[in-house]
Amino acid sequence: MGLAGTGAGEAQFQRARLLVGALTQAGVRRAVTSPGSRSTPLVLAALDAAAAGLDVASIIDERAAGFFALGQARATGMPTVLICTSGTAPAHYLPAMMEAREAGVPLIALTADRPIELMDCAAPQTTDQTKLFGSFVNHFAEVDLAGPVDPLSLRAIRRTAAQAVFRSRWPRPGAVHLNVQARKPLEPEVGTGDGSLAAAVDALLGEPIEAAVPAARPDPAALDRAAALCRRAERGLIVAGPLPLPPPAAREAAADAFGLAELARRTGFPLLAEATSQSRFTEGDSAADAARLGAAWAADGGEGLHLPDLILQVGATPVAAGAQRLIEAAGAPQIVLSDGPWTDPDGLASVFLFGNVERSTSELCRRLEDLAPGVGADGWREAVLGLCGRFRAAAGSPAPDGPGFHDGEAAAVAVAATPADALLMLGNSLPVRLVETWAACPGRRVWVASQRGLSGIDGLVAGFLGSLITGGFPAGVLLAGDVSLLHDLDGLAIAPEYGDGPPAVVVVIDNQGGRIFDRLPIAQAGIFRGPAGRHWLTPHGVDFGGLARAFGVPYARVEDPSALARELGAALGRRGVSLIVAGVAPGALAAAEESLRQAMAASSSLR
């Protein structure tokens, strides 16, 4: 029996209520549960907290639940709490926990566990869950729900919850794992105790622990060094790779989310802004003048343009191969503006400005108020904009006898259809690269999400729906490949939980799988072109319409750009999840890329 005769199940529930309640007091607003028995006290506690405003979702599969929660945290900037039972269940969180670490997204996993007396004795559904996620979490702690209920022990639970939220957000956001032991009975007994334990829990929840996250500032001496390099540069280039979604309040207030447009104006440097940088799809199109420089330079054969002599690398490493090759070819000194990761895969960085990226750009701009462009700066910028202008014309004017509906056209249509202030999520592998080459700026603000932390195809649908349902977006479009969808069918199973949320359109490029490998060296090997090539290309022949019917999701299949635009318009006009499959012509993308290179060569000869 517990305090003042409180039953063991009731005492356990009250400690769980304290744990979950303290998490909400520390700022958690959302929880995602998956079914199980050992997690019953935690789920009951979450449902109790729902009366005070905690949003609690139920998702059957822990892997999908992990990415759904990750998407919520990505859009809000605050951790979502995951709750699951013991055994293999928490292991399914691992991909989302890994992505949270590498992408800098806060997340908290409460994994129910068996008590110590059931360990190492073949008890069902029992394994070693201690530090299950290893170095992929910012913090690990254990909580025993059946432990003592004295004041010190109760205060320790409150402290553990506050630490979990704090460590999920600082020094860099990431995942936290709390392994929670529970004993039977897992349900509170009715009518046991005198209410003193519940009163003690209520009193502690009325005294939350304040643990504010420090604001990291870039080092002033490093800022001065960076400004000096900018002053000397004659061919400076700003390269903006993947950057996080700003939280809702910042999105409403910021026309220039990370200050990159202002940095480009102040320095005079062209801005190569990838789609995932939050600085590519803005109102008007002036900010995107040099956005596709990497693709333009590669399509032009890497000739006819002097290489940059200084690169300001903002955010994560760029995605597009053209931008990567341009940086490698330049071999120029780099100034890296990063919110935490040491972003320098080529070992060329000279100055690192760590801390809040927006603050770093603002401080650098302040030091460059009286910057006078270098001798060759005007000519360099003019050459860059001229090359990008030729590329836009070539990419936007398909040949009349073109190769047929190709992947790049599907990407361009999806971007063009995305409404203002909506969420565009780009799948990894081929889709994110297609956008860099083929998608023009739609002339309106579009926010872009991705899972570029580990660049995997895991959980794309689940992550998209999580971000969209919590982020305050009017609508959302996910552009993904067919293999990515097959890898996350559990994401489609979330459709009933998503309900009549904002229009969520999943656009799948069906090229019969794995066409990213057509662009890699393995494609030149004989084994790739034979039957064994299926180990890379993974042709599937799946009836996506049948899948859509199984999940109760509106569906359309299209095979030309105008039909895709029409179906996108219809899907964006209705709430809930829709699936559109764009069946592209085999080999059409490679032919279109060759036509693009020929068009660039022709335009170069006319200059």
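Let's start with P185, which is found in the loop between β6 and α6 (196–205). Helices here are DSSP runs of H or I with at least four residues, strands are runs of E with at least two, and both are numbered from the N terminus. The peptide bond from K184 to P185 is cis, with omega near 5°.

Some ground rules. This is a predicted model, so local features need pLDDT of at least 70, side-chain atom pairs count only at pLDDT 80 or more, and totals for chains, interfaces and linings use all residues. Residues are numbered from 1 along each chain as its sequence is written, and side-chain values use heavy atoms, with hydrogens and water left out.

Back to the prolines. The bond from W170 to P171 is also cis, and its omega is near 5°. P171 lies in the loop between α5 (151–169) and β6 (175–181). Most peptide bonds are trans, and most residues other than glycine have a negative phi.

K131 is not a glycine, yet its phi is positive, about 50°. Where is K131 found? In the loop between β4 (107–113) and β5 (137–144). K131 is exposed, with a relative accessible area of 57%. The cut-offs: buried is under 20% relative accessible area, exposed is over 50%, and partly exposed is in between, using a 1.4 Å probe and protein chains only.

Next, D421. Its phi is positive too, about 65°, and D421 is not a glycine. The residue sits in the loop between α14 (407–417) and β12 (423–426). D421 is partly exposed, at a relative accessible area of 42%.

Now strand β17, residues 577–583. How many of its residues are buried? The count is 7 of 7. V577, L579, V581 and G583 point one way from the strand. S578, I580 and A582 point the other way.

Which strands pair with β17? One is β15 (residues 504–510), parallel, over 7 bridges. Pairing means that DSSP finds at least two bridges between two strands. In this pair, V506 stands opposite L579. Strand β16 (residues 555–558) also pairs with β17 in the parallel sense, over 4 bridges. There, A556 stands opposite I580. From β16 the chain crosses through helix α23 (residues 561–571) to β17, and this β-α-β crossover is right-handed. Right-handed means that, with the strands pointing away from the viewer, the path from the first strand over the helix to the second runs clockwise.
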